Amino acid sequence: MLLKDKRLLITGVLTPQSIAFAVAKAAQEEGAEVVLTSFGKAMSLTERSAKRLAKPADVLEMDVNDPDHIRAVHDDIRRRWGGLDGFLHAIAFAPQDALGGNFVHTPWESVQTAFQTSTYSLKALAEGMLPLMGEGGSIVALDFDATVAWPIYDWMGVCKAGLESVTRYLARDLGPQGIRVNAVSAGPLKTMAAKGIPGFEIIADAWQQRAPLGWDTSDPTPVARAVVFLLSEWAGGITAEIVHVDGGFHAIGASASPAGI
């Protein structure tokens, strides 16, 4: 069992279709204990989903932009387990005017909200959990390929580019403590978060045409398994890495179909 006796914090679970839910499920199957986080109106959704795990998990309230919430989660985990072996950062949000082709006209206030929630929060959560992680552990962030400009993705694309950079800098600074920091760049999946991206189907349809392995937008299992691997000791020599789990899409320049991309 890859995660036997590991204690993990999983953020970002909303519905059973969430990538984070698939991670929590796979982590439990590999022997981990997990707790989930949520906040606000989403708490009830997360709590219902938590009951559908093989071992129902507790849900802690955490707005990752609120330092008091992060401290409260830290304190709960210290009382509960005494320490933490790793966490999944599956948190992203952008106001509607930061998406959908409005890039040039997006006001700073919306960009700031997107960046703080989707990018800076990885550093904030790592800093908050660091005292629990001792001399070792693993941090994994969920990513979407930020090497190119995507239709409709706009400032969230910029935030993901920042997230990849934060991953590398955290890996640099936390490596001497034995803590690995990596990101998984997933192909598009039909989650609740995806529903908030205008024109999501444009990207998803192109993916299925171009990915050499194909891509099932309704199956988060391959992504979850990669996250579990990175959380495990089997990935002990891997840090500062962006692992693509996208059917190979990122490496192919154009679709083989006449329609192209």
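The buried residues of helix H3 pack against strand S1 (7–10), strand S3 (59–61) and helix H4 (108–133). This briefing concerns a predicted model.

**Helix H3**

- Helix H3 covers residues 67–80, and its 14 residues should span 20 Å at 1.5 Å a residue; the end C-alpha atoms are 20 Å apart, which agrees.
- The buried residues of H3 are Ile70, Val73, His74, Asp76 and Ile77. They lie on the same side of H3, because they cover an arc of only 165 degrees around the axis.
- The spacing of such residues follows a general rule: an α-helix has 3.6 residues a turn, so residues three or four places apart point the same way.
- At the start of H3, the backbone nitrogen of Asp68 has a side-chain oxygen of Asp66 within 2.9 Å.
- After H3 comes Gly82, which has a positive phi, near 85 degrees.

- Strand S4 (residues 86–89) pairs with S1 in the parallel sense, over 3 bridges. Within this pair, Phe87 in S4 stands opposite Leu9.

**Strand S6**

- How many of the residues of S6 are buried? The count is 8 of the 8, so S6 is largely enclosed by the rest of the structure.
- In a regular strand the side chains alternate between the two faces of the sheet.
- Both faces of S6 are covered. Ile179, Val181, Ala183 and Ser185 are buried on one side, and Arg180, Asn182, Val184 and Ala186 are buried on the other.
- S5 and S6 run parallel and are joined by 7 bridges. Val184 in S6 is the bridge partner of Leu142.

**Two aspartates with positive phi**

- Asp5 is found in the segment before S1. Although Asp5 is not a glycine, its phi is positive, about 70 degrees.
- Is Asp5 buried or exposed? Asp5 counts as exposed, because its relative accessibility is 54% and the cut-off for exposed is over 50%.
- Asp154 lies in helix H5 (residues 154–174). Asp154 is likewise not a glycine, and its phi is positive at about 50 degrees.
- Asp154 is buried, because its relative accessible area is 13% and buried means under 20%.

**Thr217 in a loop**

- Thr217 lies in the loop between helix H7 (200–210) and helix H8 (221–231).
- With a relative accessibility of 4%, Thr217 counts as buried.
- Which residues are in contact with Thr217, leaving aside its neighbours within four places in sequence? They are Pro188, Leu189, Lys190, Ala204 and Gln208.

Conventions. Residues numbered from 1 in each chain as written. Predicted model: local features only at pLDDT ≥ 70, side-chain atom pairs only at ≥ 80, totals over all residues. Heavy atoms only, no water. Helix = DSSP H or I, 4+ residues; strand = E, 2+ residues; numbered from the N terminus. Expected span 1.5 Å × (residues − 1). Buried < 20%, exposed > 50% of the residue type's maximum accessible area, 1.4 Å probe, protein only. Arc of directions from axis to C-beta. Contact = heavy atoms within 4.5 Å. Polar contact = N/O pair within 3.5 Å; in protein donor to acceptor, adjacent residues only side chain to side chain. Pairing = 2+ DSSP bridges.
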